[in-house]
Amino acid sequence: MALLEVNNLSISFGGLRAVGDFNLKIEKGELYGLIGPNGAGKTTVFNLLTGVYKPDEGIIKLDGQDITRKNTIEINHAGIARTFQNIRLFKQLSVIDNVKVGLSERIKYSLFESIFHVGSYKAKEKEMEEEALRLLKVFDLDGEKDILASNLPYGKQRKLEIARAMATDPKLLLLDEPAAGMNPNETKELMETIALVRREFDMTILLIEHDMKLVSGICEKLTVLNFGRVLCQGETKEVLADPEVIKAYIGD
Ligand SMILES: Nc1ncnc2c1ncn2[C@@H]1O[C@H](COP(=O)(O)OP(=O)(O)OP(=O)(O)O)[C@@H](O)[C@H]1O
Ligand SMILES: [Mg+2]
């Protein structure tokens, strides 16, 4: 069974069919690329997968569970976490508190339990602190744990955003153009971070990227979107050799 299975997903805004008849299958452990020109519908697909938009048609299944009509919080609990095209952090919170916000999404349930076990609240707080630190160490951000998120350099803000998403313990991580606005050095580090996430967490990743060369180096499979439609999908090598793709995308 695929980890993510999307069938015939469609949404229109006014007269514009932003995404139509979109299909996608991602197996556990894959690093999958979603590419296409500006306005092709890539971010809209993420917004559909995470419940920000409700589709006009179609079905989204995660690990066999139908999540099509669920809201963003329910979908996060079901196992999808994301980062945003424009970084979203709590800029006036410290680095570690940003990760704790992610953790609270899942430790909340334990806090609920703590109502019945008076006195364990402190223990949960400690657990959260330790878990946040553990995550920051994985991302090599523990040295900056107490500084404000807004004071991190751009590349590290991206990293922190990924760390916070990972704190919700997802099955599937969605990254929306994480390399946008990065210099070549930052981009290289980002690629290392993505490799790290796969290695450390065995994570399945769907990566939106504008730069075809960049995704082609790391993604096993690709889906190319063009005007809201799937132009081509499959093994990276085959997709990149497809004449339609070359004409519509690489050729411009
Ligand atoms: N909430 C909305 N209301 C109206 N139109 C929308 C909405 N969201 C997206 N669109 C439109 O849907 C189309 C696809 O937009 P989307 O942001 O998904 O593209 P994208 O592939 O992510 O592009 P980019 O590479 O520039 O980020 C665009 O024409 C956009 O204007
Ligand atoms: Mg976008």
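Predicted model: local features only at pLDDT ≥ 70, side-chain atom pairs only at ≥ 80, totals over all residues.
A residue counts as buried when its relative accessible area is under 20%, as exposed when that value is over 50%, and as partly exposed in between.

Begin by selecting ligand 1 and the residues around it. The shell holds 15 residues, and Asn 38, Gly 39, Lys 42, Thr 44 and Gln 85 are the closest. By class, 6 of the shell residues are nonpolar, 7 are polar and 2 are charged.

Next, display the side chains of Lys 42, Thr 43 and Thr 44. An N or O atom in the Lys 42 side chain is 2.8 Å from an oxygen atom of ligand 1. The side chain of Thr 43 likewise places an N or O atom 2.8 Å from a ligand 1 oxygen. For Thr 44, the distance from a polar side-chain atom to an oxygen atom of ligand 1 is 2.5 Å. On its own, ligand 1 has 640 Å² of accessible area, of which the protein covers 65%.

Now colour strand E2 (16-26) and helix H1 (42-49), the elements that give two or more residues to this shell. Helix H1 gives the most, with 3 residues.

Then move to ligand 2, the magnesium ion. Thr 43 (OG1) and Gln 85 (OE1) coordinate the ion at 2.0 to 2.2 Å. Thr 43 belongs to helix H1, whereas Gln 85 lies in the loop between strand E6 (80-82) and helix H3 (95-114); the two residues are 42 residues apart and link distant parts of the chain.

Finally, inspect the exposure of this pair. Thr 43 counts as partly exposed because its relative accessibility is 24%. Gln 85, at 33% relative accessibility, is therefore also partly exposed.

Terms used: Residues numbered from 1 in each chain as written. Chains lettered and ligands numbered in written order. Heavy atoms only, no water. Near = heavy atom within 4 Å. Polar contact = N/O pair within 3.5 Å; in protein donor to acceptor, adjacent residues only side chain to side chain. Areas by Shrake-Rupley, 256 points an atom, 1.4 Å probe, with all protein chains shown as cover. Helix = DSSP H or I, 4+ residues; strand = E, 2+ residues; numbered from the N terminus. Nonpolar A, V, L, I, M, F, W, Y, C, P; charged D, E, K, R; others polar. Donors = N, O, S within 2.8 Å, 3.2 Å for Na, K, Ca; no water. Buried < 20%, exposed > 50% of the residue type's maximum accessible area, 1.4 Å probe, protein only.
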